[in-house]
Amino acid sequence: MAETPVIINELNFQKIQSLLQKLCVESAARVVLLVDRDGQPIACHGDVGDMDTTSFSSLAAGNIAATSSMARLIGEEEFPAVVHEGERESIFISVIGRSLLAVVFDRRSTLGLVKLRTKKASFSVAKILEEIARDSADQTLNETSFFAEVTEDDIDSLFS
Amino acid sequence: MTFINYASREINCKIVYYGPGLCGKTTNLQYIYDSTAKNAKGKLISLATETDRTLFFDFMPLELGTVRGFKTRFHLYTVPGQVYYDASRKLILKGVDGVVFVADSQEERMDANIESLYNLEENLQEQGFDLMKLPYVLQLNKRDLPNVIPAEELKAELQRKDEPSFDAIATDGEGVFDTLKAVAKQVLTELRKG
């Protein structure tokens with residue numbers, strides 16, 4: 001594999017959850033999701049209901065990947081944000097480095113408020129993501145790391 | 001790119017099914033989806049044309065089980081195989097942890113297989129991956145058709161590095177899970193090796 005795995009410890013995950021919770025409240029959003037640009041969901045907060053957040057994350061990443069390529073075709077580096085307005089609910093996705101912050105909101109909020117609060121939150125989110133990237137790069141397979149404990153039999157048992 | 005979340009105790013990996021148009025990538029995923037218990041899978045998302053040709057990607061999350069208290073989830077993607085969808089294929093390959101190349105065993109599709117394999121190597125290189133170091137499995141699909149190239153001959157042409165290869169008839173499910181297990185096992189083993 002070319003890339004080091006992304007390792008999110010409990011402390012950083014709690015920090016992300018707190019940020020998402022704060023953004024959800026301040027922007028009066030229904031759901032806020034943090035998604036990796038490759039489609040992996042990282043965290044979410046809000047009234048998820050029966051929303052399939054895994055599929056949503058994959059599609060959001062695909063969406064941004066496609067629109068970023070379109071941007072480059074017209075001479076832009078990328079579109080830093082994308083909005084999809086529906087009749088009842090809308091989606092606002094903003095790009096934060098290697099991640100996406102997706103906000104699902106309805107008539108209880110406005111696009112302007114969501115944009116404003118998301119921009120404010122994005123700085124804090126970016127900081128935590130940098131910390132996660134640093135921790136992941138630093139973490140080697142030492143005696144306390146998870147994968148050091150995993151044996152071949154553990155892996156084989158998944159497929160028995 | 002693998003995600004290991006200590007808080008939710010989850011490992012998430014990405015596997016991409018690659019190959020020429022109509023070779024059976026979507027069929028593989030469809031079979032996996034239909035055969036998997038409800039509690040071990042998410043939805044199968046297919047972004048396809050009106051004639052069911054993959055337009056952007058297919059996607060399904062699959063939970064394989066627990067390793068030392070960590071849920072192992074694999075995100076399975078297929079790429080569109082038609083030649084002119086190369087831009088989309090590049091995007092889907094981002095962050096890949098393991099690749100399955102689905103070859104169409106029919107004689108008349110040999111050139112398409114080779115072109116697609118070359119395209120895979122090129123696109124992986126652009127992303128900074130080296131096929132020689134990436135978890136990788138070869139599937140020889142459509143073994144039930146009358147005009148297929150003998151498996152040994154097909155392997156000789158397409159195998160890149162002694163990767164495991166599996167004969168398959170994806171429409172019946174034959175070889176589908178063997179292929180998936182092989183690539184998933186490689187991914188986890190690589191993670192363990194660091």
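## A hairpin in chain B

Three bridges connect strand β3 (residues 45-48) of chain B with β4(B), and the two strands run antiparallel. One pair to look for in this predicted model is B:Ile45, whose bridge partner in β4(B) is B:Phe59. β3(B) and β4(B) form a hairpin, with five residues between the strands.

## Where the two chains meet

Let's turn to the interface. Here 39 residues of chain B are in contact with 33 residues of chain A. On the side of chain B that touches chain A, the elements giving two or more residues are β1 (3-5), β2 (10-18), β4 (54-67), β5 (70-78), α2 (86-93) and α5 (176-193) of chain B. Sorted by class, that side of chain B holds 19 nonpolar, 11 polar and nine charged residues.

Among the residues involved, A:Val6 has B:Phe3 of β1(B) as its bridge partner.

## Chain A in outline

Chain A contains five helices and six strands. Read from the N terminus, its elements follow the order β-α-β-β-α-β-β-β-α-α-α. The C-alpha trace of chain A spans about 50 × 35 × 35 Å along its principal axes.

Of the 160 residues in chain A, 38% are buried. For anyone thinking about contact order, consider the contacts in chain A between residues at least 6 apart in sequence: 52% of these join residues at least 24 apart.

## The sheet of chain A

What is the strand order of the open sheet in chain A? The five strands are arranged β3-β2-β6-β5-β4, with antiparallel pairing. At the edges are β3 (41-46) and β4 (81-85) of chain A, each of which pairs on one side only. From one strand to the next, the twist averages 15 degrees.

Within this sheet, strand β5 (residues 90-96) of chain A and strand β6 (residues 99-105) of chain A run antiparallel and are joined by seven bridges. A:Phe92 is a handy place to start, with A:Val103 as its bridge partner in β6(A).

## Helices on the sheet

Two helices deserve a look here. α1(A) packs on the sheet, where it touches β2 (31-36) and β3 of chain A. The direction of α1(A) makes about 40 degrees with that of β3(A).

Helix α2 (residues 53-73) of chain A also packs on the sheet, touching β2, β3, β4, β5 and β6 of chain A. Its direction makes about 60 degrees with that of β2(A).

## Helix against helix

Two packed helices are described by the angle between their axes and the distance between the axes. What are these values for α1 and α3 of chain A? Helix α1 (residues 10-26) of chain A packs with helix α3 (residues 111-138) of chain A at an angle of about 175 degrees, and their axes are 10 Å apart. Angles over 145 degrees count as roughly antiparallel, so α1(A) is roughly antiparallel to α3(A).

From α1(A), the contact is made by A:Asn12, A:Lys15, A:Ile16, A:Leu19, A:Leu23 and A:Glu26. From α3(A), the contributors are A:Arg117, A:Thr118, A:Ala121, A:Ser124, A:Val125, A:Ile128, A:Glu131 and A:Ile132. Together, the residues of this contact between α1(A) and α3(A) divide into seven nonpolar, three polar and four charged.

Conventions
Residues numbered from 1 in each chain as written. Chains lettered and ligands numbered in written order. Predicted model: local features only at pLDDT ≥ 70, side-chain atom pairs only at ≥ 80, totals over all residues. Contact = placed C-beta atoms within 7 Å. Helix = DSSP H or I, 4+ residues; strand = E, 2+ residues; numbered from the N terminus. Nonpolar A, V, L, I, M, F, W, Y, C, P; charged D, E, K, R; others polar. Pairing = 2+ DSSP bridges. Axes fitted to C-alpha atoms, helices over the stretch in contact; angles between N-to-C directions. Parallel < 35°, antiparallel > 145°, perpendicular 65-115°, else oblique. Buried ≥ 20, exposed ≤ 12 C-beta atoms within 10 Å, placed from the backbone.
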